[in-house]
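Student: I am new to this structure and would like to go through it with you. Please show it first.

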Amino acid sequence: MNFRRGTAIIAVTALAGMALAACGQSKDDDNKDAGGSNLVVGTTDKVVSIDPAGSYDNGSLMVQTQVYQYLLNFPAGSTTLTPDAASKCDFEQPTEYVCTIKPGLKFANGHALTASDVAFSFKRVAKINDPNGPASLLGNMKSVEAKDDKTVVFTLNSPNDQTFGQVLVTSAGPIVDEETYPADKVLDDAAAVKAQGFSGPYTIGKYTKGQIAEFKANPDYDGAYNKAKTKTVTLSTYADANNLKLDVQNGKIDVAWRSLTPTDIDSLSKDNKVKVHKGAGGELRYIVFNMKTMPGDDADQKLAIRKAMASSLDREELSTQVYKGTYTPAYSAVPQGQVGATEPFKDKYGDKPDKAAAKKFLDDAGVKTPVTLKLQYNTDHYGSSSTEEYNMVKRQLEDTGLFKVDLQSTEYVTYSKERVKDAYPMFQLGWFPDFPDADNYVTPFFAPNNFLQSHYNFSDKDNPVPEMTKLLKSEATDGDKTSRVATLKQIQDLVADQVPILPLLTGAQIAVAGKDVKGVDETLDPAFKFRLTSLSK
């Protein structure tokens, strides 16, 4: 899971103060379901789109988590699926997953929330199929229909999908108001805020894209989360992690959530004015290869280049020298800690650079060296340490004498658009799982029409991988834990054989807060949803 100029931070902080002052006179002060104080959260994550159909990134999910309802959800501290807008969801037939909507739900604009809105929400995600959207999560959804005002029926392509309930909690799952959201295009942020098609624990008051979002407790919310403990929470977006660190350290903001540098985290851990909170891991940092535009005269040469790169990297050096142990080496698409995780990249390519092995891959495929690699990374979405990380990747690759790396960076708003247009032969991405299951590290990446948009297993048949598709279908529908784990191992082995991505590092969730802030640890759980409802001071 977006400002551009370091000078914008002064304006952001000023706006945050203005918003807090204004909130003190809001009518929502009379909302007795929320606490009396206001709170400010800072982040460097950028919002691509408030509209769920147009985004699949951490910055957008942060906003969506607060303002939309889902059919099911994970309450703070839990990985158990719990009714949110639905009173229940379950299979009634092997390919029919049915949800019953709670009575009396409504959006903040007063419109009733019914089964029709739910069906509309899922249909439009699939229909719009935005390249930066979450449509890939709905690959097993054949159709969705509102049987009546309270009943939604999902018809699935594959029966007994063990993950489908969890898919409802993902970026594909927010319920939008069909009276205000267009069926065939993404609604821009300003229009979404004006429409107030929100039924989650918060609505949005003041909003300036790339700067500030003011969340106001929704007194009519009836869902899986507790009522908001704080009436007004202001989210301020920073262009620079250094300013984020200074402001949480000096008490100008209450919580810093993504992404402080490892050096800043280490420094703040020794500051008695704040507390560093660490939660469940699962973040993955990796390189994606565009199968169409990466170097190599044919598929065999391209594969050889990917394997040679896999044999040339030192993840331990990246972990210790760049991230000071806040990230650890990743040798699979599925990070350690997830059920079924293995380490096939370590088994196949080693945990230290092996120049001889890398050279053999290239020689056997007839690849002339040095190979020029155009590698793109981003500095304002995956943390400011990305620059140091990718400079080290460049140095490690060039130290073999087999590669010449043309390293370039782009701001995320542009980056997110260009990387799906075949502009980058290989590029950085990061991942927070949508739900705590190994499937969420493989299906969105490697199923047909996947999120990577890299022409690996694309539905346009550019690079079909029938074996991968078959394995993904099997693991998602297998109710037997032992055989499912075996299938997940096969998937991870196939990823290591074909190298559509090159996993680098995995890390924990980290937030820094003032000593008077409560509820941070409660929301840093394996569900990977940062819930403002938990926070108070």
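**Strands, then helices**

Student: How many bridges join E6 to strand E7 (residues 151-156)?
Tutor: Helices (H or I, at least four residues) and strands (E, at least two) are DSSP runs, numbered from the N terminus. Two strands pair if DSSP finds at least two bridges between them. E6 and E7 run antiparallel, and the number of bridges joining them is 6.

Student: Before we go on, what kind of model is this?
Tutor: Residues are numbered from 1 along each chain as its sequence is written, and side-chain values use heavy atoms, with hydrogens and water left out. Local features need pLDDT of at least 70, side-chain atom pairs count only at pLDDT 80 or more, totals for chains, interfaces and linings use all residues, and the model is predicted.

Student: Which residue in E7 stands opposite Ala146?
Tutor: A hairpin of 2 residues joins E6 to E7. E7 also pairs with E5 in the antiparallel sense, over 5 bridges, and there Cys99 has Val152 as its bridge partner. The residue opposite Ala146 is likewise Val152.

Student: Which strands stand at the edges of the sheet?
Tutor: The open sheet has 4 strands in the order E4-E5-E7-E6, with antiparallel pairing. Each edge strand has a single partner, so one side of it is left without a neighbour in the sheet; the two are strand E4 (86-93) and E6.

Student: How many of the residues of E7 are buried?
Tutor: Buried means under 20% relative accessible area, exposed over 50%, and partly exposed in between (1.4 Å probe, protein chains only). E7 is mostly covered, and its buried residues number 5 of 6.

Student: Is Asn140 buried or exposed?
Tutor: Asn140 sits in the loop between helix H3 (115-128) and strand E6 (141-148). Leaving out residues up to four places away in sequence, Asn140 touches Thr155, Leu156, Asn157, Ser158 and Asp161, where contact means heavy atoms within 4.5 Å. Because its relative accessibility is 13%, Asn140 counts as buried.

Student: Which residue caps the N-terminal end of H2?
Tutor: Helix H2 (residues 58-67) is largely enclosed by the rest of the structure, because 10 of its 10 residues are buried. A polar contact is a pair of N or O atoms within 3.5 Å; within protein, one must be able to donate a hydrogen and the other to accept it, and residues adjacent in sequence count only if both atoms are side-chain atoms. At the N-terminal end of H2, a side-chain oxygen lies 3.2 Å from the backbone nitrogen of Gly59, and the capping residue is Asp57.

Student: Why is H8 largely enclosed by the rest of the structure?
Tutor: Helix H8 covers residues 299-310. Among its buried residues are Gln301, Ala304 and Met309. H8 is largely enclosed because its buried residues number 9 of 12.

Student: How do H8 and H11 run relative to each other, roughly parallel or roughly antiparallel?
Tutor: Ala304, Ile305, Lys307 and Ala308 in H8 meet Ala358, Phe361 and Leu362 in H11. The axes of H8 and helix H11 (residues 355-364) come within 8 Å and cross at roughly 175 degrees; axes are lines fitted to C-alpha atoms, for helices over the stretch in contact, and angles run from 0 to 180 degrees between N-to-C directions. Angles under 35 degrees count as roughly parallel, over 145 as roughly antiparallel, 65 to 115 as roughly perpendicular and the rest as oblique. H8 and H11 are therefore roughly antiparallel.

How values were computed. Expected span 1.5 Å × (residues − 1).
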